[in-house]
Protein chains: 2
Amino acid sequence: MKILLTNDDGIYTKGIEALGEHLSKDHDVLVAAPETEQSAVGHAITLTDPLRVKPVNRNGAFFGYAVKGTPADCVKLAINELMESEPELVVSGINLGANVGINVIYSGTVSAATEGAILGVPAIAVSVNTFKNPDFQPAARFARLLVRLVEQHGLPPHTSLNVNVPAIPGNKVRGVRITRQGVTRFVERFDRRVDPRDNVYYWQCGSTPPFEEDGDTDACALASDYISITPIHHDLTNYGFMESLRSWSFPSISDE
Amino acid sequence: MKILLTNDDGIYTKGIEALGEHLSKDHDVLVAAPETEQSAVGHAITLTDPLRVKPVNRNGAFFGYAVKGTPADCVKLAINELMESEPELVVSGINLGANVGINVIYSGTVSAATEGAILGVPAIAVSVNTFKNPDFQPAARFARLLVRLVEQHGLPPHTSLNVNVPAIPGNKVRGVRITRQGVTRFVERFDRRVDPRDNVYYWQCGSTPPFEEDGDTDACALASDYISITPIHHDLTNYGFMESLRSWSFPSISDE
């Protein structure tokens with residue numbers, strides 16, 4: 001297949017390199033990834049600045065395009081301009097750190113996959129559950145196997161797969177669980193400081209504490225040493241509340 | 001009620017001013033909004049830069065806090081640091097330009113409301129369907145009326161309302177429709193240029209063409225001169241595909 005590979009940690013990282021190596025064994029891979037780290041940019045796109053693009057070599061050979069933009073920008077630009085024909089799959093990762101629970105909506109890695117799905121291309125986002133110098137090989141091997149399954153089965157329209165891999169040796173991984181997005185989230189704290197010119201500023205900090213939730217969520221699967229795969233889409237409608245909302249007595253604006 | 005008011009067009013815009021005026025008639029409103037335009041930032045949060053905050057006056061009186069950050073940053077920072085107690089409602093807007101269809105996922109205006117919902121505070125995002133010098137008064141009047149209804153009925157957990165108002169005089173608005181998020185989306189084009197030092201760059205441009213869709217979507221309601229209200233949440237799981245995905249034969253990583 002023709003695969004577009006991107007990420008949000010930037011083109012010069014180990015995660016995208018490992019994924020590129022493994023996927024290139026079976027497929028024609030083009031890399032277009034942010035020039036610098038774009039973590040927590042969510043589904044941002046760049047409208048007010050130009051997107052600069054430059055070719056990047058690795059080990060003496062062309063590796064891909066570095067884009068001064070967000071992961072969603074990379075996917076849009078690659079599909080519209082950088083690739084001669086449309087890819088059959090978008091793969092995003094491997095991200096340093098899990099993308100599970102509510103945190104998924106802040107994730108540049110996942111948004112790149114979502115952007116593929118919006119543009120009609122099946123997509124996969126892959127993350128590994130640690131921030132500390134992980135071995136990307138198990139996740140990269142699994143991604144290659146999963147790509148074969150996606151090639152065989154296809155994905156429904158506008159759907160991508162959010163994959164999280166435990167940061168343990170491959171032979172310790174207990175298997176795969178199909179999960180839903182849980183409620184794990186970053187709980188922020190702000191560190192208030194005053195600069196030498198008496199201006200107040202804050203550092204956003206905080207952590208992602210474990211949340212109590214039942215067994216079919218992404219975070220639960222990871223915590224039990226399973227790979228989690230959550231099928232995601234971009235329809236934010238809360239269908240369950242529509243009927244009840246219709247019963248409200250809405251006034252007309254000109255009533256005032 | 002105690003209301004946190006924010007937006008994505010920036011604190012110095014007419015849309016947030018109009019909304020502030022109308023909501024202050026009934027409520028205790030605190031404004032915390034981006035210092036500069038943050039359109040299309042999606043659900044980005046700022047982790048690598050400090051968030052600077054400064055008080056802003058308007059017409060000689062304190063209007064609110066300008067934050068050097070995204071709409072989601074503003075909501076997090078206001079609730080955690082700037083407000084003495086938690087707000088009972090987050091209102092975001094009035095955005096210049098509709099936030100309907102797939103475009104909703106790029107919207108800073110909607111993400112501010114979603115962030116409120118994530119933090120357990122009911123939330124409303126309000127947009128007006130034009131980019132050209134609109135009269136914000138009808139949308140601001142409607143927002144005030146809607147806030148009363150939300151106060152009366154409440155919203156389910158983790159749910160916010162995405163409200164889009166046609167850019168026509170209030171007495172021409174035909175009513176309110178409860179809608180789902182449609183498939184309207186920005187279709188990009190990239191304008192390729194070369195700078196004086198022979199570096200390639202691209203401007204992301206494009207437009208949002210009308211999409212064929214049936215009658216209960218946000219864009220359809222707007223096009224028929226109705227106010228659209230879409231209840232949204234942040235669960236991206238495609239539940240309908242989970243069962244089918246479970247039937248795939250996943251290999252173990254150590255198979256390789």
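Student: Which residue in strand 3 of chain B does Tyr201(A) stand opposite?

Tutor: Opposite Tyr201(A) you'll find Arg52(B), in strand 3 of chain B. Before we go on: this is a predicted model, where local features need pLDDT of at least 70, side-chain atom pairs count only at pLDDT 80 or more, and totals for chains, interfaces and linings use all residues. Residues are numbered from 1 along each chain as its sequence is written, while chains are lettered from A and ligands numbered from 1 in the order in which they are written.

Back to your spot. Strand 10 (residues 200–207) of chain A pairs with strand 3 (residues 51–58) of chain B in the antiparallel sense, over two bridges (pairing takes at least two DSSP bridges; helices are DSSP runs of H or I with at least four residues, strands runs of E with at least two, numbered from the N terminus).

Zoom out, and that pair sits in an open, mixed sheet of 11 strands, ordered 9(A)-10(A)-3(B)-4(B)-2(B)-1(B)-5(B)-6(B)-7(B)-11(B)-8(B). At the edges are strand 9 (187–194) of chain A and strand 8 (176–178) of chain B; each has a single partner strand, so one side of each lacks a neighbour in the sheet. On average, neighbouring strands here are turned by 25 degrees against each other, direction ignored (axes are lines fitted to C-alpha atoms, for helices over the stretch in contact, with angles from 0 to 180 degrees between N-to-C directions).

Now the helices of chain B. Helix 1 (residues 14–24) of chain B lies across strands 1 (2–6), 2 (28–34), 3, 5 (89–96) and 6 (123–128) of chain B, and runs at about 140 degrees to strand 5 of chain B. Helix 2 (residues 71–82) of chain B is the one to watch for your spot: it packs on the sheet and touches strands 9 and 10 of chain A as well as strands 1, 2, 3, 4 (61–67) and 5 of chain B (contact means C-beta atoms, placed from the backbone, within 7 Å). Its direction makes about 135 degrees with that of strand 2 of chain B.

Helix 2 of chain B also packs against helix 3 (residues 108–118) of chain B, at an angle of about 30 degrees and with axes 8 Å apart. From helix 2 of chain B, the residues in that contact include Pro71(B), Cys74(B) and Val75(B); from helix 3 of chain B, they include Ser111(B), Ala112(B) and Glu115(B). By class, this contact has five nonpolar, four polar and two charged residues (Ala, Val, Leu, Ile, Met, Phe, Trp, Tyr, Cys and Pro are nonpolar; Asp, Glu, Lys and Arg charged; the others, Gly among them, polar).

Definitions and conventions: Two residues are in contact if their C-beta atoms, placed from the backbone, lie within 7 Å.
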